[in-house]
Each structure stands twice: as C-alpha cells, then as structure tokens.
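Thanks for making time this morning. I would like to walk you through one structure, taking its pockets and its ligand in turn, and I will go slowly so that you can follow along on the screen.

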Amino acid sequence: MSEKSPRLRAELDGIPTYKPGKPAAAGGPVAFKLSSNENPYPPLPGVLESVVAAAGHFNRYPDMACTGLVNELAERFGVPVEHIATGTGSVGVAQSLIQSTAGPGDEVIYAWRSFEAYPIIVQISGATPVQVPLTDGDVHDLDAMFEAITERTRLIFVCNPNNPTGTAVRRAELERFLDRVPSDVLVVLDEAYKEFVRDLEIPDGIELYRNRPNVAVLRTFSKAYGLAGLRVGFAVAHEPVAAALRKTAVPFGVSQLAQDAAVASLRAEDELMGRVGSLVGERARVYGTLLAQGWTVVPETQANFVWMRLGERTADFAAACEKAGVVVRPFAGEGLRVTIGEPEANDLFLHTAEAFFKEL
Ligand SMILES: *Cc1c(COP(=O)(O)O)cnc(C)c1O
C-alpha cells in the first residue's frame, strides 16, 4: 500500500521557521544573552506575586476578554475599550491583523530588513509579501513604500523604531505618508520599542491613530515591561479592525498569568520606566564606546539594541562574542544586532568589540 503524506498548503513551502535569538551557553563561566532584545531585569517582586497568585487557578480558563487589562489600557491611553484587542504577544496580534485583512492574491508591504516575523506571518496567510528596501541610512523608505502600493495592497507594516536597525521615522514624514495611503489600506505601526524612544520628533502612534480609521498601533509587554516569557501584547485600532482582531484571535490565547502580570506592570510603571531609563543610559554608553573604538554604528538607535553593519565580518565577530560569553544576533553577510543588557554584559561585549577591532 503506498502511503501518501498529509497534504499541506503549498504556501508553506519555503517559509523559514522563526529563528529565536540563541540562548546563552549553559555551563560557561559567564554567559549573557544579548540576542533577543529581552529585558535583563528579573520580574519585579509585586509582578511576580501577581503571577504566583494567578497560578493557583490555572485549572480554569483565563478571562477571554482580558477585561481587567483592557479596561486599564483604555483608561491610560484615553481610548474606548472597544478599540483594544489583546493577543499572545504583539506577534500574535500582528498575525490576526493579517488574517483579518489579507489572503491569497493580496499584498502586504513592509520594509526590509525589518522584523523577521513579518515574512513568516504574511506567507502563512497566503498573501504576497512586498519588501521595500530601507534607505542607505537603514531607515524606512516611506516614499518607496507608498510607490509600492497597488490595488492588491491590504496592509502595510511600519516598524517604528525598526528592528534590527533601531532607526525610526519622524512625525512629519510619517504623517505625510499616512495622509497619502488610501483609506482602505490598513497601516500598522509596530511600536514594540516605544518606551525606549527619546527623540521627541518620533511620534506616538496612539496620537496618530486617533483620527485615522486605517491606522492600528501594536504594543507589547515583552520588552520594556519585561514580560517576554508570558506572551501578551495588544493593538489599538478603530472598529471594525479591533472587532476583527477579536474574531481572529486564538480563543483564550492570553493566559491569566499574563493578564495579571500586565495589569501589575502597568501599576508598577514608575519603577519599570526607571529600569528603561537605565537601559537607555547604557545604550548611550555602548554606542559611544563603540564609536570611540572606531566602529561604524548606525546612529541614533531608539530601541534597546544597536545595529552594526559588518557585512562579511558579521559571522566572525558574532563567533568572537560567543567565545567570550556573549550571544548576539548576527544576520550573516549583513550585520549584527546587540541587545543592551545589564552593565556587566555590555562591558563584556565592549571588551570583545575592542579586541576584535584591533585585530582587523
Ligand atoms: C519583539 C518585537 C515584537 C514583540 O513581540 P511579542 O510577540 O510581543 O513578544 C513585535 N514587533 C517587533 C518589531 C519586535 O521586535
């Protein structure tokens, strides 16, 4: 009897599996993970307590509507509760956004290089990814992205600040772009690193969304709030987009542990933003030291990482870092992204960078 294997959708052929940042080597003398843009600080005691308390009830399904969290978010952003949709990380919400807008024959535009999840989630939907190269300065090329719009365009991602380059588009250029995009094309402002932005010219997507029904904003608790392992993110969007997100979300996707931790984190915001401030300080130190060592580093990163365009030397430098006990994120032949971690990790990275540069 000839056995045929189950038929899988042709769209899945050639989709890369998401490549997580490498874990820090176990058992090494020192091992720091600067490869996934995580927050290096451990959970705040109060946040941890809320999760432990919620864990006592995990025989029950979570609140599917995330009522407590949604109410808290609506109040702090001054938006209707109906405009908030939650998901399993903002990647989960991004996938729902695509599921809600695009399928085979449709197009989704995003910059490249940008967040690695975009090509994956677009291709899963069967829609066609349209990648628009960044400018020479590694910034979104909004004019070229506008030119790429066709009758088939359904969604456009603007990753601001951009992962992995750390660059961000400013208010005037983004508003000009939004004013030109047809009103039936959804523009998603992915602001995963919003809390790390210090340049006042970089807009807050929530302000831009208010009078634009075709703009949605993605935020996450994974980075600044340090809840990467709990999987919770959200979108702020007008109806009917937010309603579509609630329809397409995986039922009960956000655990009660994640919901309670997110609420506790919002209430501990002063302390958490103090930590973000320390990381921003470290970012300036890392950036300044790399420049002083002679490296060319993409300027003005607004996120919790720096981008080094190393071209062919990328893999060698990544290997040298790993050998020294710091795991970074190389994109072979292009460049390397280093997360800003605890000062000790940053020091070790900077030492390695200095030694490597001298050998060049
Ligand atoms: C890290 C990141 C996210 C957030 O992912 P979660 O699923 O919320 O953990 C979203 N967008 C970008 C660009 C990111 O770098």
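If we sort the residues that line the largest pocket by class, we find 11 that are nonpolar, nine that are polar and nine that are charged. Please keep in mind, as you look at this, that what you see is a predicted model.

The volume of this largest pocket comes to about 540 Å³. Its lining is made up of 29 residues, and the ones closest to the centre of the pocket are Tyr18, Ser36, Val91, Phe115 and Lys223.

Now, what takes up the space of the largest pocket? It is the ligand whose space is the largest pocket, and around this ligand we count 13 residues, of which Ser90, Tyr193, Thr220, Ser222 and Lys223 are the closest. By class, this shell around the ligand holds five nonpolar, five polar and three charged residues. Helix H3, which runs over residues 89-101, gives the most to the shell, namely three residues.

Let us look at individual contacts, beginning with the backbone. A polar backbone atom of Ser90 lies 2.6 Å from an oxygen atom of the ligand. Turning to side chains, an N or O atom in the side chain of Ser222 is 2.6 Å from an oxygen atom of the ligand, and for Arg231, too, an N or O atom of the side chain is found 2.6 Å from a ligand oxygen. How much of the ligand's accessible area does the protein cover? On its own the ligand has 390 Å² of accessible area, and the protein covers 94% of this.

That leaves the second largest pocket, which has a volume of about 450 Å³. It is lined by 27 residues, and those closest to its centre are Thr86, Leu245, Arg246, Ala249 and Val250. Here the elements that give two or more residues to the lining are strand S2, at 84-87, together with H3 and helix H8, at 241-248. By class, this second lining has 14 nonpolar, 10 polar and three charged residues.

How values were computed: Residues are numbered from 1 along each chain as its sequence is written. This is a predicted model: local features need pLDDT of at least 70, side-chain atom pairs count only at pLDDT 80 or more; totals for chains, interfaces and linings use all residues. Side-chain values use heavy atoms; hydrogens and water are left out. A residue is near a molecule or strand if one of its heavy atoms lies within 4 Å of it. A polar contact is a pair of N or O atoms within 3.5 Å; within protein, one must be able to donate a hydrogen and the other to accept it, and residues adjacent in sequence count only if both atoms are side-chain atoms. Accessible areas come from the Shrake-Rupley method with a 1.4 Å probe; for residues, only the protein chains shown count as cover. On a 1 Å grid over the protein atoms alone, a cavity is a set of points where a 1.4 Å probe fits but cannot get out, and a pocket is an open set with protein on both sides within 12 Å along at least five of seven lines; lining residues have an atom within 4 Å of a point. A molecule sits in a cavity or pocket if more than half of its atoms lie within 2 Å of its grid points. Helices (H or I, at least four residues) and strands (E, at least two) are DSSP runs, numbered from the N terminus. Ala, Val, Leu, Ile, Met, Phe, Trp, Tyr, Cys and Pro count as nonpolar, Asp, Glu, Lys and Arg as charged, and the others, Gly among them, as polar. Grid points are joined across faces, edges and corners, and a volume is the space filled by probe spheres set on the points.
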